[in-house]
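Subject: Structure for you to look at

Hello,

Please find below the sequence and the structure that I am passing on to you. My notes on what was found follow after it.

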Amino acid sequence: MNEFLDKKTYVKQAENVIGKLKRDKFKNAIAVSYSQLRNILALMNELYNAVLYSSDEKLNDDMQSRIQYVKMKIVYAAGRDMNVKDFVTCSDILNYMDMIGDSRERLMLVCHYMESLIAYHKFMGGKD
């Protein structure tokens with residue numbers, strides 16, 4: 001398993017991931033669509049918003065269960081579309097979600113990483 005995200009380099013890592021994604025048949029746009037990624041980001045944002053104002057450094061069992069639910073939804077989306085699967089595999093998002101454990105700080109970092117992935121997708125010509 002890879003090391004966990006570094007809060008100093010996760011943005012550069014997101015840039016590298018998006019740069020490696022498959023392009024459409026005309027090589028014009030990244031094959032995975034913006035709307036597909038926004039669906040995943042929306043799930044991650046729900047997690048982020050649930051802990052944003054919490055002062056607890058440890059996630060409770062309910063929150064850890066919600067992380068697993070979001071992971072399952074991402075796996076389902078990846079199973080339905082090869083371009084989403086390519087994104088999930090390249091980004092290593094599932095492994096990072098596993099590494100969150102009960103850490104609020106790690107959850108927030110994974111959410112920021114996902115947001116960075118979306119930003120670079122848009123910046124590098126991801127299709128809508």
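Aspartate 92 sits in the loop between α4 and α5; helices here are DSSP runs of H or I with at least four residues, strands are runs of E with at least two, and both are numbered from the N terminus. The model is a predicted one, in which local features need pLDDT of at least 70 and side-chain atom pairs count only at pLDDT 80 or more, while totals for chains, interfaces and linings use all residues. Residues are numbered from 1 along each chain as its sequence is written, and side-chain values use heavy atoms, with hydrogens and water left out.

Aspartate 92 is not a glycine, yet its phi is positive, about 60 degrees. The residue comes just after α4. Aspartate 92 is also buried, with a relative accessible area of 13%. Buried means under 20% relative accessible area, exposed means over 50%, and partly exposed is in between (1.4 Å probe, protein chains only).

Helix α4

At the start of α4, a side-chain oxygen of aspartate 81 comes to within 2.8 Å of the backbone nitrogen of asparagine 83. This is a polar contact, that is, a pair of N or O atoms within 3.5 Å; within protein, one must be able to donate a hydrogen and the other to accept it, and residues adjacent in sequence count only if both atoms are side-chain atoms. Val84, Asp86, Phe87, Val88 and Ser91 are the buried residues of α4. They pack against α1, α2, α3, α5 and α6, where contact means heavy atoms within 4.5 Å.

Serine 91 belongs to helix α4 and counts as buried, at 1% relative accessibility. Leaving out residues up to four places away in sequence, serine 91 touches Val17, Tyr96, Tyr113 and Leu117.

Helix α3

How far apart are the end C-alpha atoms of α3? They are 29 Å apart, which agrees with the 28 Å that the 20 residues of this helix (residues 61–80) should span at 1.5 Å a residue. The expected span is 1.5 Å times one less than the number of residues in the helix.

The buried residues of α3 are Met63, Ile67, Val70, Lys71, Ile74 and Ala78. They lie on the same side of α3 because they cover an arc of only 105 degrees around the axis; the arc is that of the directions from the helix axis to the C-beta atoms. On the face turned away from the buried side are the exposed residues Asp61, Tyr76, Gly79 and Arg80. The buried residues pack against α2 (34–51), α4 (82–91), α5 (93–100) and α6 (104–123). Asparagine 60 caps the N-terminal end of α3, with a side-chain oxygen 3.1 Å from the backbone nitrogen of aspartate 62.

The core and α6

A nonpolar core is a set of buried Ala, Val, Leu, Ile, Met, Phe, Trp, Tyr and Cys residues joined through side-chain atoms within 4.5 Å. The largest one has 41 residues, of which Met44, Phe87, Met97, Leu107, Val110, Tyr113 and Met114 touch the most other members. Two or more residues come from each of α1 (10–20), α2, α3, α4, α5 and α6. The helix that gives the most is α6, with 10 residues. In soluble globular proteins, nonpolar side chains tend to be buried together.

Valine 110 lies in helix α6 and is buried, with a relative accessible area of 0%. Not counting residues up to four places away in sequence, valine 110 touches Phe4, Leu5, Met44, Ile93, Tyr96, Met97 and Ile100. With the same exclusion, leucine 107 touches Leu47, Val51, Leu59, Met63, Ile67 and Ile100.

Which residue with a positive phi follows α6? Glycine 125 does, with a phi near 90 degrees.

Serine 103 and the cysteines

Serine 103 is in the loop between α5 and α6. Its relative accessible area is 19%, so serine 103 is buried. Glu57 and Leu59 touch serine 103, again not counting residues up to four places away in sequence.

How many disulfides does the structure hold? There are zero; a disulfide is a pair of cysteine sulfur atoms within 2.5 Å. Cysteine 90 is partly exposed, with a relative accessible area of 30%, whereas cysteine 111 is buried, at 3%.

Regards
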